[in-house]
Amino acid sequence: MDKIYFPARAKINLSLDVLAKRPDGYHQVEMVMQSIELADMLTFTFRKGSEVLFTCSHLKVPSDDSNIIMKAVRRIREETGTNKGVSIHLEKRIPVAAGLAGGSTDAAAALLALNTLWDLGLSGDKLLEIGAELGADIPFCMKGGTCLARGKGEELTLLSPLRPMWVLLVVFPISVSTAEIYGHFRLMGLKGRPDTSAVIKALEKGDLPALKISCANVLESVTLERYPQIAKKKRDLLKKGFSGTLMTGSGPTLFYLSSERNEVERAVEALSLEEEEYIITRTI
Ligand code: ATP
């Protein structure tokens, strides 16, 4: 095989809870993660020689060695000792720094695709381990579907898959740094936590209303306080009856789920278009 096309899918957090701060500075989280169809498109082409070429035309994404894809390349080369060459092209479609795991999913795709392209023979577990060293969301991006993620986010349990849903993403033209939001997050007096076991039960029963009632994101209040335009858009959606609208990850993206495409389109029509962009996609 000398060419691999790889769609690297984005994720949303159906729920996000923080249980504790760990001695290593990371937070111990409990999240229900869901893959969505929105994806970056990556092309991996085998090259003779040892050169690794990376191209990406998106203004907000570094196209040098600091790109997380290049970190994944270095790590897999270190692990296996290979010095085979590759050209990698990234067509960025997932909004950047938006809480949709855009970088993590690209790194996950790079590990999976290079293992095949370079015929490295790394096991699925080894790839997950390497992924976890590079970023806590990377193992989930490799597995996909619907998962409970604990620890730093890398301890995964597959859950009953969410039946196919339409997803409205409300994307703001601001980049939110996960580190900034965790920096302002306080565990003391935490309110608005998700009921994770109820989320899991709702998934098992395929009960969307119950799912929406149990889901929450504890980072939401931190991000919404710092970015009032997101809080306003969420209020607008809730007031107009689009219940269960939630922020994904550390934000800023909001999402609304429905089993009907019409309803998601109604949500777009109901909102006054300001600076944000709307993307309609599906769970997968
Ligand atoms: P998460 O949901 O995992 O917290 P995110 O979706 O909020 O992540 P990313 O889109 O991964 O955030 O971008 C975070 C930062 O990483 C950006 O500042 C971006 O410049 C940098 N970056 C490095 N490599 C990539 C990549 N391949 N795709 C997107 N961003 C990248």
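You'll find Asp-119 in the loop between H2 and H3; helices are DSSP runs of H or I with at least four residues, strands are E runs of at least two, and both are numbered from the N terminus.

Quick background: this is a predicted model, with local features needing pLDDT of at least 70 and side-chain atom pairs counting only at 80 or more, while totals for chains, interfaces and linings use all residues. Residues are numbered from 1 along each chain as its sequence is written, and side-chain values use heavy atoms, leaving out hydrogens and water.

Ala-101 also has a positive phi, about 60°, although it is not a glycine. It sits in the loop between strand E4 (85-91) and helix H2 (102-117). So, is Ala-101 buried or exposed? Ala-101 counts as buried because its relative accessibility is 12%.

Now helix H9, residues 228-239. Which of its residues are buried? They are Ile-230, Ala-231, Lys-233, Lys-234, Asp-236 and Leu-237. Just after H9, Gly-241 takes a positive phi of about 95°.

Last stop: the peptide bond from Gly-251 to Pro-252 is cis, with omega near 5°. Pro-252 lies in the loop between E8 and E9.

How values were computed. The expected span of a helix is 1.5 Å times one less than its number of residues. Buried means under 20% relative accessible area, exposed over 50%, partly exposed in between (1.4 Å probe, protein chains only).
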